[in-house]
Amino acid sequence: MRYLCFLAADPAAARRLGRAVRALTPSAERGADFYLLDWRGLERLHGPAEAVAEAMARRLAAAGVHVGGAGRKATALLAARAAAVFGRPCILLPPGTEAAALAPWPLALLAQTGDAATAEALAVLAGWGIRCWGELAALPAAELHARLGPAGLRLRALARGEGGPEALASRPPAVGRAVLRRELEPPLADGEALERLLARLLAQLARWLDRRDRLTDRLDLRLGCEHAPARRYRARFSPPLRQARAMAAQLQLALRRQPPPAAVTGLRLRARLTPPRPIQPSLFAAQESTAPAPEATAKFLSRLAARLDRRQDPALGTPRLVDSHQPGAFQLAPFQYPETPGLPPRRPPQSTVAAPPAVPPPAADQTPPPPVLRAHRPPLTARVRLNPAGEPVAVATGGGPWHVIARRSGPWRSSGGWWTAADPAAAPGPAPAAAPGPALAPGSTAPPRRPPARETTFAADPRRIWDWEHWDVQVGARRLRLRQDRRGGGWVCDGTYD
Amino acid sequence: MAALPTTKPQLERLLSARGWGATLLSAELTPTLTPTLAPTLTPKLANGSAPAVRPHRGLTLLYPAGAGGGVTSAALRAAAQALAAPAAVAAWVDGTDALDPESAARAGLHLDRLLWLPAAGAPLAELLALTQMLLAAARFHAVVLDVLSRPMAELERWPRAAWFRLLRGLERHRRSQLWVLAPAALPAPSAVTKVAV
């Protein structure tokens, strides 16, 4: 038995457990609610791991401590969590029995422990109906890797009792919170005084973060207002930082954009903590500073967002494709500078540029370039005439004149999201009476239907139910992407190929 | 008697038609051409130069040569080419919220290193100010300003001085490339390389 895991049910148990574990060894790995001990070398001091585990379990069971033991870190942690779930003080898995013991246990045991990739893989497995470790162990490795990537393979190895002792990181991401509260008596009505107070609090927070070697990537400010609902503000930092001035600058921007409606009676500042990330600077980039200062980056992005003056959060970011068959589905994630960003190369000044070298025209591409859609957001309403075969033959977009469709390609049908209950129309059976338009008879004209504003501007919700039929049509020299909502009957133009 | 020009673009068109357009520009702003960053881009330069070149000052105006389009594809390829360098970042100021991330990914763009600013609701002056901020930051290898689908009435109010501010912003750090996607009718000084796609 190489690893022992001690799981505490609550903070009081964790404190008591901490004292007991420190009596055994000073080098225990500490997680959010557990201690993990590598028992190699401790046998000579304390005896076999099994005996110590059972003794500790007996001693601390009343305090809400459960013990797990196995040859791998993650398995020991799973055993401790299983002990808590099954109401047993101690579960020990001798080498060779891990796979058989894990087989009936639920996969959800790992949900609180793994990293983001593991959590995502577990969510996908739950969607497939894979509930326990035995079912996961039986899945073919290649197929699993094709769908879930390395995280899927790591989980499978864990389920089969394979892999090294560190097969799965047992340490959860070190995320915590720091909260500062102030009651203001009398209420503060002056905006500048509020900003000065915030600056002081942020300086205090920065010192606290510095002492604990932590950064913050998000600040939530809640202002209690006199005779008015509380106002909330949020500032995100990418990359995380702990510079008080940069944090204050972002919050000041948010406050000036949306001042509190009344005098402030109290405030609560909550910081989400992240561990510092080590960065290896480039050895040969001493001439120029390659990485923008984090506070400058955060402030710069905040100034851009303030310029955009959008109330949505976030207003700018990185588009990220989501794992969905829904056409056009994406999310807008916070923009992250690369950890070692390189500045763009500096062009020589104009006076030193020699005559440009002759550049041969590039060879024509052998493969046609992929089509690029220029999206219409919100989609343009469209009227479409169909031929008897149900194919579009003429289209009018945005209330414009009719155009004959010279070429068409389609339909491509896609549907999804019906397995969720997020959409009220998800219930089986016919759609609600108000939603559908008149059925399209061949040769008829589809009535225009106004789509909801900014339907897919930032993120197409993959949980939303959709049932679409897409057509690519050529009108004159333009190529359009048309979409019919088969649940509602309306046609829209999603974009133009450009 | 023909109507007198009332707006600056009309005046510039009139001067250009009479062959006086060059007098508005200083000689030092004549573009110097260097190899393009986008070898797959095969533009026809409006000033008659060879293809596959970009202006030394790093400002290129891409406009549609016909109704067939291709401007967005060209800009995506240029941005993808700029992002081919490791740890390079690009910014896309989207004046019409027209960027399709799926198409961008298909075109080879590293989405994780793209800062997208959807700004369909922002006035033109804000778009220009955002672009200048991005250029002044000097951290972006490529900046794209997309006003292709903006109403022409709004674009006619594009101040000519804005072009020179953008050029100065590029010249100050000489680190970024700026690609402006605009309709063909948008007037621009000759210091800006105009590429019909």
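How many bridges join strand S7 (residues 215-225) of chain A and strand S8 (residues 228-241) of chain A, and in which sense do they pair? The first view takes up this question, and the whole model is predicted.

**View 1. Strands S7(A) and S8(A) form a hairpin.**
The two strands pair over 8 bridges, in the antiparallel sense. Look for A:Cys225, which stands opposite A:Ala228 in S8(A). The hairpin has 2 residues between the strands. In this hairpin, A:His227 takes a positive phi near 55 degrees.

**View 2. Seven strands of chain A make an open sheet with antiparallel pairing.**
Read across the sheet, the order is S14-S13-S12-S18-S17-S16-S15. Strand S14 (403-404) and strand S15 (407-416) of chain A stand at the edges. Each has a single partner strand, so one side of each is left without a neighbour in the sheet. Strands of a sheet pair through backbone hydrogen bonds, either parallel or antiparallel.

**View 3. Helix H6 (residues 160-173) of chain B has buried residues.**
These are B:Trp163, B:Leu166, B:Leu167, B:Gly169 and B:Leu170.

**View 4. Other elements of chain B cover the buried residues of H6(B).**
The cover includes strand S4 (59-63), helix H4 (124-137) and strand S8 (177-181) of chain B. Just after H6(B) comes B:Arg174, with a positive phi of about 50 degrees.

Of the 197 residues in chain B, 49% are buried. Now take the contacts in chain B between residues at least 6 apart in sequence: 75% of them join residues at least 24 apart.

**View 5. Two stretches of chain A have pLDDT below 50.**
Chain A has a mean pLDDT of 76, and 76% of its residues reach 70 or more. Over residues 169-173 of chain A, however, the pLDDT is below 50. Beyond near neighbours in sequence, this stretch has 13 contacts in the model. Over residues 285-291 of chain A, pLDDT also stays under 50. Here the model has 9 contacts beyond four places in sequence.

Conventions:
Residues numbered from 1 in each chain as written. Chains lettered and ligands numbered in written order. Predicted model: local features only at pLDDT ≥ 70, side-chain atom pairs only at ≥ 80, totals over all residues. Buried ≥ 20, exposed ≤ 12 C-beta atoms within 10 Å, placed from the backbone. Helix = DSSP H or I, 4+ residues; strand = E, 2+ residues; numbered from the N terminus. Contact = placed C-beta atoms within 7 Å. Pairing = 2+ DSSP bridges. pLDDT = per-residue confidence, 0-100.
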